[in-house]
Amino acid sequence: MIKTIFIPERIDSYYIFSQRIVGIDIGRTAVYATIVRAHGSKRTVEQCLEEPISSNNTLPQEERISDALKALKSRLGAYNTLHVAFPSASVVFKELSIPFTGLKKIKMVVPFEVESLLPFALDQAVIDSIATYQDTAHNRTDLLVAGVKQEHIAQFLSIFEQADMRVDKLSVDMFELYGLYTSIPHYAHLKDIVALIDIGLTSIRLAIIVNGQLKYIRVLPTGLIVAAKKIAALVH
């Protein structure tokens with residue numbers, strides 16, 4: 001007699017049971033959350049929330065962000081999964097071309113191929129990659145590789161631990177933006193060159209997409225604050 005039956009929550013991207021998913025992005029002055037309801041193949045944005053980060057500079061920045069997360073958590077209600085965007089400004093991006101295909105083999109080789117390109121030791125790094133182009137006829141794969149120092153990841157996650165929030169998925173913010181872009185049917189098969197631009201207060205994040213494939217990501221150390229100061233100087 002069967003007493004217990006295990007049923008998966010989802011099959012690939014199809015959710016058998018309704019799931020409430022929270023995505024969080026930490027900005028310079030506020031923490032932002034988007035709550036998405038996933039059921040079957042349907043996704044519904046339920047709510048977008050913003051919680052300001054205290055400007056009290058007598059407190060460490062990590063503590064102020066953690067306090068904002070605690071306040072935000074009380075507004076979220078019950079949820080199943082927490083996804084968090086890691087800032088591109090702390091990531092090193094490199095483009096690679098590997099003379100073979102096959103995801104499993106690529107994942108094994110990428111850290112050694114990118115080691116000489118990183119500004120820090122490989123044993124201090126967390127490495128991930130996206131295949132931007134595969135040519136099976138010529139046995140070649142183009143990759144966009146992201147490298148982050150382990151200490152930056154640990155420091156970032158500790159902020160959520162202080163707020164008693166378990167992170168289920170951590171991903172680079174621009175990778176997630178690219179994923180959102182390609183999930184929109186109208187844009188998924190465009191053959192144009194597309195630039196995704198995120199203008200922040202202190203930086204500009206830029207992703208270039210060619211023929212639907214992410215080619216490279218750049219973070220420019222300028223933003224709205226710098227632009228506002230330049231405009232103010234011109235006015236006066």
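Which residues in helix 2 are buried? Before answering, I noted that this is a predicted model. I found Ile106, Val110 and Val114 buried in helix 2. Looking down the axis of helix 2, I saw its buried residues fall within an arc of 45°, so they line one face of the helix.

Next I checked what that face meets. The buried residues of helix 2 pack against strand 6 (92-98), strand 7 (125-135) and strand 8 (140-149). On the face turned away from the buried side I listed the exposed residues Lys104, Met108 and Phe112.

I also checked the length. Helix 2 runs over residues 103-114, and its 12 residues reach 16 Å from first C-alpha to last, close to the 16 Å expected at 1.5 Å a residue.

Then I turned to the rings. I counted four aromatic pairs in the structure. Phe93 and Phe175 make an edge-to-face pair, with 6.0 Å centre to centre and 65° between the planes. Phe93 belongs to strand 6 and Phe175 to helix 4 (residues 173-183), so this pair ties together parts 82 residues apart in sequence. Both Phe93 and Phe175 are buried.

For Tyr181 and Tyr187, I noted ring centres 5.2 Å apart and planes at 10°, so the pair is stacked. Tyr181 counts as buried at 10% relative accessibility, while Tyr187 is partly exposed at 33%.

Ring pairs also link Phe86, Phe156 and Phe160 into a cluster.

My last entry is a charge: the charged end of Lys105 sits over the ring of Phe100, 4.5 Å from its centre.

Notes: Residues numbered from 1 in each chain as written. Predicted model: local features only at pLDDT ≥ 70, side-chain atom pairs only at ≥ 80, totals over all residues. Heavy atoms only, no water. Helix = DSSP H or I, 4+ residues; strand = E, 2+ residues; numbered from the N terminus. Expected span 1.5 Å × (residues − 1). Buried < 20%, exposed > 50% of the residue type's maximum accessible area, 1.4 Å probe, protein only. Arc of directions from axis to C-beta. Contact = heavy atoms within 4.5 Å. Phe/Tyr/Trp six-rings, centres within 6.5 Å; stacked < 30°, edge-to-face > 60°. Lys NZ or Arg CZ within 6 Å of the ring centre and 35° of its normal.
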